[in-house]
Amino acid sequence: MPQALSKHRWKLLLGLCSLIIVVGASIPAWRHYYPATVASGWSLDVVHDDIPMVSALALAANGGLYYSQGFTDAKGSIQRFDANGQTSAVLTGLSKPNGLLHFQGGLVTSREQGEKSVIWTRNGENIRLFEGFNVEGLATDGKRLYAIEDTTPGRLLRFDADSNQVSVLRKGL
């Protein structure tokens, strides 16, 4: 016949559960309220503090900055913040835009919500380069574009702009 927990063990169990809840709740609070710091010799200036869901940055010509707002369900966008402090939409209606990268005279955007196209914005035109599943990271060597899928199993993809071909360099990541 099972024995009932003693009063001491109930208190111990209750205390342990309370500790787990307090620690679990304090981690998000710490991440939200703990101030940003910089290493010695560096400085930090807040340019904007009211932009929600920023997930990627890329420098723009003439001192501007591109940023992605990683909202899901076609509510995300790519915005351009120019050197004069003005913001303008570059791409809208995106689902979780994540990667941003300059590539051969344009800006490439990946999206991390399901099977979506990697988009190349160049000369005012939005070109769908290839499809990927939860494409998060982008890199380039100047001639080719590399993309990594944030899924299980993920793939490392290479897009060749000359041949317009995508190859899988690695899968099962």
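Here are legends for a few close-up views of this predicted model.

**View 1. Four strands make an open sheet.**
The strands line up in the order β9-β10-β11-β12, and the pairing is antiparallel. On the edges sit β9 (135-140) and β12 (165-171), each pairing on one side only. From one strand to the next, the twist averages 25°.

**View 2. Zooming in on β10 and β11, which run antiparallel.**
Strand β10 (residues 144-149) is joined to strand β11 (residues 155-160) by 5 bridges. Look for Arg144, which stands opposite Asp160 in β11.

**View 3. Gly154 sits in the loop between β10 and β11.**
Is Gly154 buried or exposed? Gly154 is buried, since its relative accessible area is 0%. Setting aside neighbours within four places in sequence, Gly154 touches Glu149, Arg170, Lys171, Gly172 and Leu173. Take Leu173: Gly154 and Leu173 are 19 residues apart in sequence, yet their C-alpha atoms are 4.7 Å apart in space.

**View 4. Strand β6 (residues 106-111) is mostly covered.**
How many of the residues of β6 are buried? The count is 6 of 6. One side carries Gly106, Val108 and Ser110, the other Leu107, Thr109 and Arg111, and both faces are covered.

**View 5. β6 pairs with β5 and with β7.**
Strand β5 (residues 97-103) runs antiparallel to β6, with 5 bridges joining them. β6 and strand β7 (residues 115-122) also pair in the antiparallel sense, over 3 bridges. Val108 is a handy landmark here: Leu101 stands opposite Val108, and Trp120 is the bridge partner of Val108 in β7.

**View 6. Two hairpins involve β6.**
Between β5 and β6 there are 2 residues, and Gln104 in that turn has a positive phi of about 45°. Between β6 and β7 there are 3 residues, and Gly114 in that turn has a positive phi of about 80°.

Definitions and conventions. Residues are numbered from 1 along each chain as its sequence is written. This is a predicted model: local features need pLDDT of at least 70, side-chain atom pairs count only at pLDDT 80 or more; totals for chains, interfaces and linings use all residues. Side-chain values use heavy atoms; hydrogens and water are left out. Two strands pair if DSSP finds at least two bridges between them. Axes are lines fitted to C-alpha atoms, for helices over the stretch in contact, and angles run from 0 to 180 degrees between N-to-C directions. Buried means under 20% relative accessible area, exposed over 50%, partly exposed in between (1.4 Å probe, protein chains only). Contact means heavy atoms within 4.5 Å.
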